[in-house]
Amino acid sequence: MQKIEAIKEVRNMYVICDTVNILFRGVKMSVVIVGGNERMVCKYEDVCKNYGCKAKVFAKEKGMLRKKIGCPDLMILFTNTVSHKMAMSASKEAKKNNIQIVHVPTSSIAALEQVLSQKCHLA
């Protein structure tokens, strides 16, 4: 229980300091991807794994998104392939939980790699 509280405290410290690159030694950075192509979900997860990140991908809204997001370090929102309702719900949860959010206009692998190369670092 103390480890979880310590990690949350460290995460909050990074948010307060407005740090762009988040790095935890021994702990994978968690990423939530909202939107994207349903057929590319496995590829998105593989790319995130290559960058040392643990990913959850929500290509379609199935149920309540806010209950499934959790508390990731970074949220990537593919704006061209997501419904307005889902984008608003994800943005609201990110703001409420102090989650860094990146809006990406395309849902390509190259766009995802560009964001991850800026935000994630291999431990």
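The secondary structure of the protein comprises five helices and four strands, where helices (H or I, at least four residues) and strands (E, at least two) are DSSP runs numbered from the N terminus. Along the sequence these elements follow the pattern α-β-α-β-α-β-α-β-α. The model is a predicted one, in which local features need pLDDT of at least 70 and side-chain atom pairs count only at pLDDT 80 or more, while totals for chains, interfaces and linings use all residues. Residues are numbered from 1 along each chain as its sequence is written, and side-chain values use heavy atoms, with hydrogens and water left out.

Of the 123 residues of the protein, 36% count as buried, a term that denotes under 20% relative accessible area, with exposed meaning over 50% and partly exposed lying in between (1.4 Å probe, protein chains only). Among contacts between residues at least 6 apart in sequence, 74% join residues at least 24 apart, a contact being defined by heavy atoms within 4.5 Å.

Strand 1 is mostly covered, since six of its six residues are buried. Met29, Val31 and Ile33 point one way from this strand, whereas Ser30, Val32 and Val34 point the other way, and all are buried. In a regular strand the side chains alternate between the two faces of the sheet. Strand 1 is joined to strand 2 by six bridges, and the two run parallel; strands are taken to pair if DSSP finds at least two bridges between them. Within this pairing, Ile33 stands opposite Val57 of strand 2. Strand 1 also pairs with strand 3, again in the parallel sense, over four bridges, and here the bridge partner of Val31 is Leu74 in strand 3.

Strand 1, helix 2 (residues 41-50) and strand 2 form a right-handed β-α-β unit; a crossover is called right-handed if, with the strands pointing away from the viewer, the path from the first strand over the helix to the second runs clockwise. Strand 3 (residues 74-78) and strand 4 (residues 100-104) run parallel and are joined by five bridges, with Met75 standing opposite Ile101 in strand 4. Between these two strands the chain passes through helix 4 (residues 84-96), and this β-α-β crossover is likewise right-handed.

Ala87, which lies in helix 4, is buried because its relative accessible area is 14%. Not counting residues up to four places away in sequence, Ala87 touches Leu77 and Val82, and its C-alpha lies 8.3 Å from that of Gly35, a residue 52 positions apart in sequence. Ser89, also placed in helix 4, is partly exposed, with a relative accessible area of 23%. Ser89 and Arg66 are 23 residues apart in sequence, yet their C-alpha atoms are 7.2 Å apart in space.

Two loop positions were considered as well. Asn98 lies in the loop between helix 4 and strand 4 and has a phi near 55°, a positive value in a residue other than glycine; with a relative accessible area of 49%, Asn98 is classed as partly exposed. Lys60, in the loop between strand 2 and helix 3 (65-69), is partly exposed at a relative accessible area of 45%. Lys60 touches Glu38 and Met86, not counting residues up to four places away in sequence, and Lys60 and Glu38, 22 residues apart in sequence, are 7.6 Å apart from C-alpha to C-alpha.

The second largest pocket holds about 200 Å³ of space. Of the 11 residues that line this pocket, the closest to its centre are Ser30, Lys54, Lys56, Cys71 and Pro72. On a 1 Å grid over the protein atoms alone, a pocket is an open set of points where a 1.4 Å probe fits, with protein on both sides within 12 Å along at least five of seven lines, and lining residues have an atom within 4 Å of a point; grid points are joined across faces, edges and corners, and the volume is the space filled by probe spheres set on the points. Strand 1 (29-34) and strand 2 (53-58) each supply at least two residues of the lining. By class, the lining has six nonpolar, one polar and four charged residues, with Ala, Val, Leu, Ile, Met, Phe, Trp, Tyr, Cys and Pro counted as nonpolar, Asp, Glu, Lys and Arg as charged, and the others, Gly among them, as polar. Ser30, which lies in strand 1, counts as buried at 16% relative accessibility, and it touches Lys54, Cys71, Pro72, Asp73 and Leu74, not counting residues up to four places away in sequence.
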